[in-house]
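Visitor: I would like to learn how to read the spaces in a protein model. Where do we start?

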Amino acid sequence: MALKNINPTQTAAWIELEKHYSEAKEFQLKKLFKEDANRQENFTRNFDALSFDFSKNLLNQETLKHLVDLAEEVDLKDAIEKYFTGDKINATEKRAVLHTALRSNSEAPIYVDDKDVTPKIRTALRKIKAFSNKVISGKWKGYTDKPITDIVNIGIGGSDLGPMMVVEALKFYKNKLNTHFVSNVDGDHVFETIKDLNPETTLFVIVSKTFTTQETLTNANTIRDWFLKSATVFDVAKHFVAVSTNLKAVVDFGIDKKNVFPMWDWVGGRFSLWSGVGLSIALALGFDQFRALLDGAEKMDQHFRNTEFSNNIPVLMGLIGLWYTNFYDCESEAILSYSHYLSKFPEYLQQASMESNGKGVDRNGNPVTYQTGSIVWGGVGTNMQHSFMQLLHQGTKMIPADFIGYKESLYKEEEHHSKLMANFYAQPQALAFGKTREDVHLELKVKGELDQLSTLLPFKTFTGNRPSNIILFEKLTPETLGMLISMYEQKVFVQGILWNIYSFDQFGVELGKELAKKILESQKITN
Ligand code: F6P
């Protein structure tokens, strides 16, 4: 059964939100906190190792009620069930969307075209486990009988960003294998990455769902040529493995059929790190840590599937995002992580969110008359405080921000961590409450610089009233990272349903690829 097709702007809840906005646009965070002594508590939801504090947003209980009504009215509940149970909700590509099944521990069957897909998932996981154990333990040998020391993931988009982000985020838990990522068709990227590698001890993981992607195939061929300078074609099978749905193309490349990890059309590229695409993760961290990542994601999936909307963290995140996009006309949102390990997280999320919800046509095929998909960007604290945060604090744009932090640091460097976390809490406070003219006056007086008041006053005040969420976990672990990623995946899903768009196709990336092909062909003719 297809997803329902409801224009959100035609719902009673949207009309209520519009009416409510005439009052809400005057909301002042300072006042909202003054009026409700328990505001922080009232607008915080806790789940497992996570606390989600959305009190510093321009909303009150009434806003929340209308937003939740909107989710009910577009029948988000029905969409969630269709998503988890394998309905072909990616209707334009006639595919189910089942990355949630990849991390599920449930014994319940999930049918796609009347076939239960869960046995295939379990078999694939066993294969990932056996293979990663063999490589990590040194039992897998290269062509000169040496164990593997380096892994190179060759892929792009979802076949690169997910595994790269996770390996970076969890490098504290890594084993001795060095992991590298080659994605761009830029040859400089390729040779910079492989220049110091020893072909005898390097394993290349070619990740491409289609095995037709120009960048990945060009890079894989270049790397195979480089490899063949020191080895023979008979050695390729020991050093190249693949993750793909296109078995024939993989075998034609010279990869042993036994060393192909499957993918399925019901796993979208940008949601695929939980499948064989995560092979580099399993190699870098060991299978148990990979499984813990999956378990964390499953935990969040269960919360998302089973919790009423007013307490459902991904649903709340999606609704709050919509509130800013469609009512406050915000164009972008910032992902600000107070863990250096999450430096690749915004880049990963850009694909997950912008490739999914950057759509201008609704599920009827009509141009949407409202904004969809916001621009996702971000950085890590405290580096960003010394660069772009100026614009968030005093610029002309309202940019809702997610602050992501961890109570515990991994190296337990208390002095550093307390400084980091002081900044983590200070930034949302500064954004929300700003600095008044009176504060500036007092500050200059204390400094004995009152003579500067008239010249500096406007520049030193902060308007405040700038919204943010505080997302706080106990500690960065494979499990909590799985929860974090799933939470954002589900936020993306929620917003796609609310906006009545198809989140799981990506036709918008095709035109540029086609034109590049034509340009390349015409260059060949003229040369
Ligand atoms: O160009 C977009 C895209 O199709 C992504 O959605 C996908 O993650 C990426 O290309 C890579 O595709 P493949 O895994 O088939 O090489």
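Guide: Start with the lining of the largest pocket. It has 36 residues, and Thr210, Thr213, Val509, Glu510 and Lys513 lie nearest its centre. This is a predicted model, where local features need pLDDT of at least 70, side-chain atom pairs count only at pLDDT 80 or more, and totals for chains, interfaces and linings use all residues. Residues are numbered from 1 along each chain as its sequence is written, and side-chain values use heavy atoms, with hydrogens and water left out.

Visitor: What counts as a pocket or a cavity?

Guide: Rolling a probe the size of a water molecule over the atoms shows where empty space is left. The search uses a 1 Å grid over the protein atoms alone. In a cavity, a 1.4 Å probe fits but cannot get out. A pocket is an open set of points with protein on both sides within 12 Å along at least five of seven lines. Lining residues have an atom within 4 Å of a point.

Visitor: What is the volume of the largest pocket?

Guide: About 1000 Å³. A volume is the space filled by probe spheres set on the points, which are joined across faces, edges and corners.

Visitor: Which helix gives the most to that lining?

Guide: H22, with five residues. Helices H10 (214–228), H16 (345–357) and H22 (510–526) each supply at least two. Helices (H or I, at least four residues) and strands (E, at least two) are DSSP runs, numbered from the N terminus.

Visitor: How does the lining of the largest pocket divide by class?

Guide: Into 10 nonpolar, 15 polar and 11 charged residues. Ala, Val, Leu, Ile, Met, Phe, Trp, Tyr, Cys and Pro count as nonpolar; Asp, Glu, Lys and Arg as charged; the others, Gly among them, as polar.

Visitor: Which residues come nearest the ligand?

Guide: Gly158, Ser159, Ser208, Thr210 and Thr213, of the 14 residues around it. Here a residue is near if one of its heavy atoms lies within 4 Å.

Visitor: Which side chains place an N or O atom by a ligand oxygen?

Guide: For serine 159, the distance is 2.7 Å. For lysine 513, it is 3.1 Å. For glutamine 351, it is 3.3 Å. Taken alone, the ligand exposes 400 Å², and the protein buries 87% of that. Such areas come from the Shrake-Rupley method with a 1.4 Å probe; for residues, only the protein chains shown count as cover.

Visitor: And the second largest pocket?

Guide: The second largest pocket holds about 350 Å³ of space. Its lining has 18 residues, with Ser339, His340, Tyr341, Ser409 and Leu420 nearest the centre. Helix H18 (residues 414–433) gives the largest share, three residues.

Visitor: How many cavities of 30 Å³ or more does the search find?

Guide: Four. The largest cavity has a volume of about 150 Å³. Gly321, Glu333, Pro400, Asp402 and Lys491 lie nearest its centre. H15 gives the most to its lining, with five residues.

Definitions and conventions
A polar contact is a pair of N or O atoms within 3.5 Å; within protein, one must be able to donate a hydrogen and the other to accept it, and residues adjacent in sequence count only if both atoms are side-chain atoms.
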